[in-house]
Amino acid sequence: MMKRGLKTAVLLLLFLGLTSMTAHRFYVAIYQIDYVPQKKRLEITTRIFMDDLNDAVSKAYKTHTNIGTEKETAEDILLLKKYLSEHFKLTVNGKSKVYTYLSREVESNVVICYLSIKEIGKVSSLQVDNSILIEVHSEQQNIIQFNNNGKKQNLLLSSSITKGMLK
């Protein structure tokens, strides 16, 4: 029992020491894609840091945005939708699909967007093309988690690889 406590203390000190010395932060966004066979649709949830998202949308359209803040405008949401559609594309069973933007919410400093694609009979393959935030952070990593009727797969996309296939 004493060894376990000592080991935990050492690991905690090591973690704190290493994280306090890092000069940069991590640039990660998470995308959960669930195929819901009963509803014949894909349900997509994106989790993107608010400041990074505003930087990317502002840079893309050369205007300041306040997505996810109390200063958010209807124009900000239109630009968000446009940005998502241009930088996050899905191809289901070899056919390009357009998703519907449903809504968004904010948790702490993360903007969570809800999207869906209807009338999907089954998913044999899912190609994801995701370049979100790549233009503002070359270290950006976009993690795709796909649940296809109970079968779970993950895909890591970055500035060097913005497209991947899940089957």
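**Entry 1: H137**

I started with H137, which sits in the loop between β7 (126–130) and β8 (141–148). Strands here are DSSP E runs of at least two residues, helices H or I runs of at least four, numbered from the N terminus. The model is predicted: local features need pLDDT of at least 70, side-chain atom pairs count only at pLDDT 80 or more, and totals for chains, interfaces and linings use all residues. Residues are numbered from 1 along each chain as its sequence is written, and side-chain values use heavy atoms, with hydrogens and water left out.

I looked up the exposure of H137. Its relative accessibility is 11%, so H137 counts as buried (under 20% relative accessible area; exposed is over 50%, partly exposed in between; 1.4 Å probe, protein chains only).

Which residues does H137 touch, leaving aside its neighbours within four places in sequence? I found Y27 and D52 in contact with H137 (heavy atoms within 4.5 Å). With D52 there is also a side-chain to side-chain polar contact, at 3.1 Å (N or O atoms within 3.5 Å; within protein, one able to donate a hydrogen and the other to accept it; residues adjacent in sequence count only if both atoms are side-chain atoms).

**Entry 2: aromatic rings**

I found two aromatic pairs in the structure (Phe, Tyr or Trp rings, the six-membered one for Trp, with centres within 6.5 Å; planes under 30 degrees apart are stacked, over 60 edge-to-face, the rest tilted). Y31 and F88 are stacked, 5.2 Å centre to centre with 20° between the planes. That pair links distant parts of the chain: Y31 is in strand β1 (residues 28–36) and F88 in strand β3, 57 residues apart. Y31 is buried at 0% relative accessible area, and F88 is buried at 1%.

F88 also pairs with Y99, tilted, at 5.8 Å and 50°. Y99 lies in the loop between β4 and β5 (100–107), 11 residues from F88. Y99 is buried too, at 13%. I noted Y31, F88 and Y99 as one aromatic cluster.

**Entry 3: largest pocket**

I checked the lining of the largest pocket and found F88 and Y99 again, with K81, S85, K89, L90, S96, K97, V98 and Y101. The elements giving two or more residues are α3 (74–87), β3 (88–92) and β4 (95–97). The largest share, three residues, comes from β3. The volume is about 150 Å³.

Methods. 1 Å grid on protein atoms, 1.4 Å probe; cavity = no way out; pocket = protein on both sides within 12 Å on 5 of 7 lines; lining within 4 Å. Points joined across faces, edges and corners; volume = space filled by probe spheres on them.
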